[in-house]
Amino acid sequence: MKHLLSVDDLGAEGIEHVCSLADHFTEVSQRPIPKVPALRGKTVVMLFFENSTRTRLSFEVAAKRLSADVMGFSIASSSVQKGESLRDTVATISAMGAHAMVVRHRSAGVPAQVAKWCDASVVNAGDGTHEHPTQALLDCYTIKERLGTVAGKHIVILGDIKHSRVARSGIKAFTALGAKVTLVAPATLLPPAVESWPVEVSMDIDTVLGDCDVVYGLRVQLERQGEALLPSLREYSAHWGLTVGRAKRLPTGALVMHPGPVNRGVEIAPEVLDWPNATVNEQVRHGVSVRMAVLYLLLHVDTDKPVL
Amino acid sequence: MSPKLASTVIKGGLVVDQTGQRQVDVVVQDGYIVGVGPDLSGDEVLDAGGCVVSAGFVDLHTHLRQPGLEEAETIESGSWAAVRGGFSAVVAMPNTNPPIDCAAVVQEVLALGAKAPCDVYSSGAITVERKGEQLAPMAEMAELGVRLFTDDGTGIQSAGLMRRAMEYASGLGVLLAQHCEVTSLAQGGHMHEGEWSSRLGIGGVPAEAEELMVMRDIALCRLTGAPVHFQHLSTRGSIAMVRAARQGGLPVTAEAAPHHFTLTDEACAGYDATFKVNPPLRPLDDVVAVREGLGDGAVDAIATDHAPHTPDSKERPFDQAPPGMLGLETALSLALGELNLPIAQVVGLLSWQPAAIAGIQDTHGGPIAVGRQANLCVFDPEETWTVNPDTLASLARNTPYGGREMRGRVRHTLVGGTAVVADQEMRS
C-alpha cells in the first residue's frame, strides 16, 4: 500500500492488519523508552492546512516513536498565506525529500490530489467532509479492545453525519468488519442519498439506544449554525443529544464514543463523558498506536520483519 | 467595377441544410456563395470528398473571457477554437470583468471580435454587474446589435425582476436567456447532489435548483407572453417541462451542452476539477433525458458553454476551483458520436436552429444557396481522432475529453467566404 487516502484502500483485511500491528505499538508505547528505530532516516511531513490539535499531535508522536524525522507545516506561517498554490507547496516540500505527507485540508479530495503530485506516501488526516481513515482505524481498535470484536456489533452514530468525515470513514470500516450501523440524526444532518449507504437510519433515538453496543456521538459543527440546519442547540440537545437520562438506559457495557473535540452539554452530557463506558481518552491513546501502525505499513521497507 | 477576388470551390461533398441534402459542389467568391451544383470549378479547391458541407455552426454559449481573464482565453484564441470546431459564429457570454452590461463593453467586445476569425456576437447582461438587482441598459446594447441577454453564471433570483426584464426585452425585440439555478438551493454545492456527492463528501446542487427556475420562468412566459431561452439544461425534469411548455404553444427555446449528454457525475470521483461545471454533470438518467430532448425537438440547440480556465485554477481543491470546461473543438464530434441522430438533425442542432435563436439567420445557419453569405463548415463524419489538450486552439487546457477518441472532424471552415480552417490547419 502506497497511500492511505480512504478506508477503501485497506478493506477488512487491511483494517485487521493495522489493528494487530497497533497491538505491538501499544506495547512499545508502554516501555520506559517508548521508541523503536523502525523509520530511522524517514521524513514525515505534517501538511495541515486546517487547524487540528489531537490528530496532528497524534501523528507527530507516532512518527517520533518510530524514530522518523518530523517536519511541521502550519498554514499560518507558510507561503500559502502569500498565495502559493497547493501544487507548488507540495512540490516545494517534496523537493526537500519527504517520505510521507500527512495531509489535512478543509476541502474533500486534497490528499488524493497531493498523492498525484508527489512521490511520497500520503496519509489522509481528514479532508473536508470526505474521510478521516485513521480515526476510523482507531475507533475499530478501541471497539476491539473493549468488546473483543467489531463483527456483529450494533453501532449507532448520532449527530451531524452529513458533514462528518469521521462518519464516512467509520461507516466504511465498521461495516467492512461486519458491524451493523444505524444513523440517528435530524433529517437536515443526514447525507443526501443516504439510502445508498450500507446503514439503517432511524429518527427514534430512544428505541435505537436501547439495543446497541456502541453509541458514537459526533460533534455538532457550531460553525454551521448559519445554515438553518437546526432550530437551536437547545432543541438539538433535548431531542438528539446523549443526555444523562438516555445514557442510563443504554444496555450494560455499551460504549460511549466520540472523536473529539466535544461540545459538552450539546451532543453529550458532560457527566456521561466521565463514566467508565466512555472511551474518549482511550480513543486518543489508541490513535497513537494506530498511526504508528499506518506509518510503519507505508514507510517500512520490510514489513514482514518483527517490529522490534 | 472592382476586380473580383479569387473563387474557392468546395468539391465533392454532400451538402446538408434545412432544405435537404444533395451531392453538389459549392463555389464561394467575394464572401458569398456564387454557385451550387455539380462539377463546378474555382481558383482554389477545397477537397470535400467523403465530407458533409453544412452551414457554419453557431454557438449560443461561449465564454471568451475577454475583457478580464485573458490568461484563460481571448476573443481571438477562443475564435480560433470556434472555427477549428466548425463554428462560424459565437455569442460571447457577458460574465467578463467588467461584465458586458453597457454599451461601452459591448463595443469593446465587438471591436475585438471584428478582428477574430469567426463572427463574434456579444450578448448583454440582463442586470447591472449581473447582480440581479437592477435592469441593465438593454436598449442601448440592443442598438449595437445585441440580440441575446443573460446573466449567465447566475440566474435572476427575483421573480418580480425577471418578469420586468421579460416585459422590457419583448418591447425591444430581444431575447432573454436564463441560467436556471436557484441560489438558495445551490449554494455550497460543487457537483450534482446525489449518491456520488454524498460519497465524495462534496456539497451537492440538487436537480431541483435548476428545475424550480425553469418552472418559474415558464410561468412568467405565460404571464408576459415574452419569449425565454433556457441555457444548458441538464435534468430530466427541466427538459420535460420545456417540452410540455412548447406543446402548450409557449415561446420557449432551449439549449443543451455536449458534456451534459456525454458525461455523468461519476466523473468527479477522482476530485479532478476538470469535471466541475455549472450546471453540474448529472446521473445517467439525466444524460439520457438530454439526448432524448435533443432528439425529439424539446431542445433546439447544442450550445457548448465553452468555459476556459487556467491550469492553476483547475488544480485548486475541487470545491475551490471555478466551474466550466472547454467545448468548441469537441462539440461536433460528440454530437455525431454520442447522439445517434441523423447527420441533418445534428447539423440543425448546431447551425440553423441556434442561428434562429441568436437572431442571425440572415447570415448564419444556411441554407446553402447562391447569394447567401459563405459561412460554411466542411466535416468528415467518419474520421476518428484523439483529443490532445496540448494541441487545442484555446489558450486553456481544461477539456474533460483529453485522450478520448472521437468520431467526426472538421476539415474546412469558411467565415465570410474565407477559409480560416483549411485541411484542419488554421490560416491567419
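Modeller: Start with the handedness of a helix pair: a crossing is left-handed if the near helix is turned anticlockwise from the far one by less than a right angle, and right-handed if clockwise. The helices themselves (H or I, at least four residues), like the strands (E, at least two), are DSSP runs, numbered from the N terminus. This is a predicted model, in which local features need pLDDT of at least 70, side-chain atom pairs count only at pLDDT 80 or more, and totals for chains, interfaces and linings use all residues. Residues are numbered from 1 along each chain as its sequence is written, while chains are lettered from A and ligands numbered from 1 in the order in which they are written.

Colleague: In which hand does helix 11 of chain B pass helix 12 of chain B?

Modeller: The crossing of helix 11 of chain B and helix 12 of chain B is right-handed.

Colleague: What else describes such a pair?

Modeller: Two packed helices are described by the angle between their axes and the distance between the axes. Axes are lines fitted to C-alpha atoms, for helices over the stretch in contact, and angles run from 0 to 180 degrees between N-to-C directions. For helix 11 and helix 12 of chain B, the axes cross at roughly 145 degrees and come within 10 Å. Leu332(B), Ala335(B) and Leu336(B) from helix 11 meet Val346(B), Leu349(B) and Leu350(B) from helix 12, where two residues are in contact if their C-beta atoms, placed from the backbone, lie within 7 Å. By class, this contact of helix 11 with helix 12 of chain B has six nonpolar, no polar and no charged residues. Ala, Val, Leu, Ile, Met, Phe, Trp, Tyr, Cys and Pro count as nonpolar, Asp, Glu, Lys and Arg as charged, and the others, Gly among them, as polar.

Colleague: At what angle do helix 3 and helix 4 of chain A pack?

Modeller: Helix 3 (residues 86-95) and helix 4 (residues 110-117) of chain A pack at about 50 degrees, with axes 10 Å apart. Helix 3 of chain A is therefore oblique to helix 4 of chain A; angles under 35 degrees count as roughly parallel, over 145 as roughly antiparallel, 65 to 115 as roughly perpendicular and the rest as oblique. Their crossing is right-handed. On the helix 3 side, Leu86(A), Arg87(A), Val90(A) and Ala91(A) meet Val110(A), Gln113(A), Val114(A) and Trp117(A) of helix 4. The residues of this contact divide into six nonpolar, one polar and one charged.

Colleague: How do I check the length of a helix?

Modeller: The expected span is 1.5 Å times one less than the number of residues. Helix 2 (residues 54-65) of chain A has twelve residues and should span 16 Å, which agrees with its end C-alpha atoms being 16 Å apart. After helix 2 of chain A comes Ser67(A), with a positive phi near 70 degrees.

Colleague: Which residues of helix 2 of chain A are buried?

Modeller: A residue is buried if 20 or more other C-beta atoms lie within 10 Å of its own, exposed if 12 or fewer, and partly exposed in between, with C-beta atoms placed from the backbone. In helix 2 of chain A the buried residues are Thr55(A), Arg56(A), Ser58(A), Phe59(A), Ala62(A), Ala63(A) and Arg65(A). Their packing partners in chain A include helix 1 (11-29), strand 1 (43-48) and helix 10 (280-299).

Colleague: What should I look for in the backbone torsions?

Modeller: Most residues other than glycine have a negative phi, and most peptide bonds are trans. Asp305(B) has a positive phi of about 50 degrees and lies in the loop between strand 17 (301-302) and helix 10 (311-314) of chain B. For Asn340(B), phi is near 55 degrees, and its loop runs between helix 11 (331-338) and helix 12 (343-350) of chain B.

Colleague: Is each of these two residues buried or exposed?

Modeller: Asp305(B) is buried, with 30 other C-beta atoms within 10 Å, whereas Asn340(B) is exposed, with 9.
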